[in-house]
Amino acid sequence: MEFSLGWIDYIIMVIYFIFVLGIGWALKRYMKSASAFLEAGRSLPSWVTGLAFISTNLGALEVMGMTGSGLKYGMLTTHFYWVGAIPAMVFLALFMMPFYYGSKARSVPEYLKLRYDEKTRGLNAILFAVMTILASGISMYALAILMETVLGWNFHLSLILSAAIVLGYTYLGGLSSAIYNEVLQFFIIVIGLIPIVFLSLHDFGGWSGLKETLSPIVEAKGYAPDTWLTTWKYTGKASSNPMGVEWYGIFAGLGFVLSFGYWCTNFLIVQRAMAAETKLAARNTPLIGAIPKMLVPFLIIVPGIAALALLNTPDKNFILPLNSQGQPIYDYTIIMLLKHYLPAGVLGLGITALLASFMSGMAGNVSAFNTVWTYDIYQSYIRPATDNKVADDRHYLQVGKIATVVGVLVSIGAAYIASLFGNIMDFLQTIFSMINAPLFAVIFLGMFWKRSTGHAAFSGLLGGFLIALLHHGLTIPAGAETIFKGGWLGVVHTYPVEMAQNFWTAIFACTTSTLITVLLSLATKQIKSETEMTGLVYQFTPKDRLEGIPWFRHPFALAAIVIVMALILTVFFW
Amino acid sequence: MIDIKLPIGLMFTILGVIIAGYGLVTINNSEMYQKSFGINVNIWSGAGMLLFGVIMLLLSRKGKKEARSQSYKRHG
């Protein structure tokens, strides 16, 4: 299964590493305050933050997972983009960013503190810090195991080395360095993967040739011949598409609850926009990111679809590695495609692109973690508990730097835990979605309903999370073998596929959280005054003046372009 | 702050030259390019990167000049 790289491939990789660390080194002299280190001094142009915005999401797990999903579900996977990301990104830009940026909060938990109260912030900050570090550890593990299986690299060496490089540039240049590198990584991921898109399509005679090759393969699976190349066409019935979900399930679960929960509240993502130079640039960040975001499927999903045709054409000699149960590991599709099509040279570039995707994901986690740790946990709870309550900015810069080192070390620990219990990975990802969905309800109500109160928000967050946990404990996807997939309290309902279970977990969490927050808000007294809520709540915030802004910088004009593009893609690939 | 276009431009120019150069050196190695249906992907990809890198470098030079003339206006 292993294949080896040539000297030219290693040269390309090393040049990339030199530039990544060099950017950190060049930014080192600007890191004189905690704000410069943790918030990039709020000074970056919107095209930089916009590309970083999607690049940090384009981590190794995303690239590997989405190519695998392309093989398993075909173009239906684009629902994670065109309906599952774009509407939420537009909503964040137009309606939520003015309050995130305008509130002067330095993080999402801090927004909760300003809008609600200390306990709501505390709950969110701690959950976020823990889950960000675990997520970072999981993606490190995924990358190291991939490199070990496919390239024969030493697991420990690739884990430590890649962590050391990420630590190097985030420690030197803070958030600015993470963001600058995410832009560099974005370009290398795109340029590194383009050759396999072209070659895989060329192999089957383009899109129509691919359709022809796939027809008998897909029919043999019991679906209509063109299913793999459609998005909505076969979503009338759950049984007629491989995802096993109906159109309304996709629309509500993916298009609303999961995507709004992720894109509009995850500090990892929102932090990129908050680093922009002006409020206008912050609002445009998700919109500028949305344009490449909706094209990413062609880069990672289309080659995955071609891989299905490759797998079923014996004379192509394409195979996927098998796991211990003898099942093909779909997540390895991308690297096997690189190996299959690319000669030395561009092969090194493709592997570098995978490493870059891993680093952009991990640096995102680390730079969000150190901010929440420094401002929302250390400055809020730990420092006030000591004798010397106030500290100067230099001190917080130091704390931020130490948090960066500790964050990376704990991630490495989490990677080793993940290597001991493989199943824990899936379970943790389920937990993350349980935390995000209620958070969206609470932040949304906070921004648009002046009546919502701190006690209600805290209960809404906790209640939504507990209901999600309960739902997961009482339901199970068909054919699940471990308790990590659900049903650990007894099985009340069985879902046809895991994705349906995830959607419904999020829907339950979001609804419960909304109900609790609304009802308790009505039952409790609003203690925040109008002045305290200025800039935080829609009713008390003066509208941004957008007159005289050229159309290409106007958020509503950009949003219209983004929506029209997404609609065209949806209709074209219906 | 440094202009990100500069390192991006530099890196892709260097990588473009190396990869396209490697493609030229291996131009007669038909066995190596069997995987890619005889297409010399290194030359194409390398040339594309070189072009992208040079455009980025030019943009960063342009940005630098503009920033300088602006600061002259402000201070001069």
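Two residues are taken to be in contact here if their C-beta atoms, placed from the backbone, lie within 7 Å. The model is predicted, so local features need pLDDT of at least 70 and side-chain atom pairs count only at pLDDT 80 or more, while totals for chains, interfaces and linings use all residues. Residues are numbered from 1 along each chain as its sequence is written, with chains lettered from A and ligands numbered from 1 in the order in which they are written.

A:Ile86 also turns up in the largest nonpolar core, a set of 217 residues in which A:Ile86, A:Val166, A:Ile179, A:Val183 and A:Val372 touch the most other members. Such a core consists of buried Ala, Val, Leu, Ile, Met, Phe, Trp, Tyr and Cys residues joined through C-beta atoms within 7 Å, and buried means that 20 or more other C-beta atoms lie within 10 Å of a residue's own. H8(A) gives this core its largest share, 23 residues. Across chain A as a whole, 57% of the 574 residues are buried.

Then there is the partner chain: 29 residues of chain A are in contact with 21 residues of chain B. On the chain A side, helices H1 (7–27), H8 (155–203), H13 (333–341) and H14 (346–382) each supply at least two residues; helices here are DSSP runs of H or I, at least four residues, numbered from the N terminus.

Notes
A residue is buried if 20 or more other C-beta atoms lie within 10 Å of its own, exposed if 12 or fewer, and partly exposed in between; C-beta atoms are placed from the backbone.
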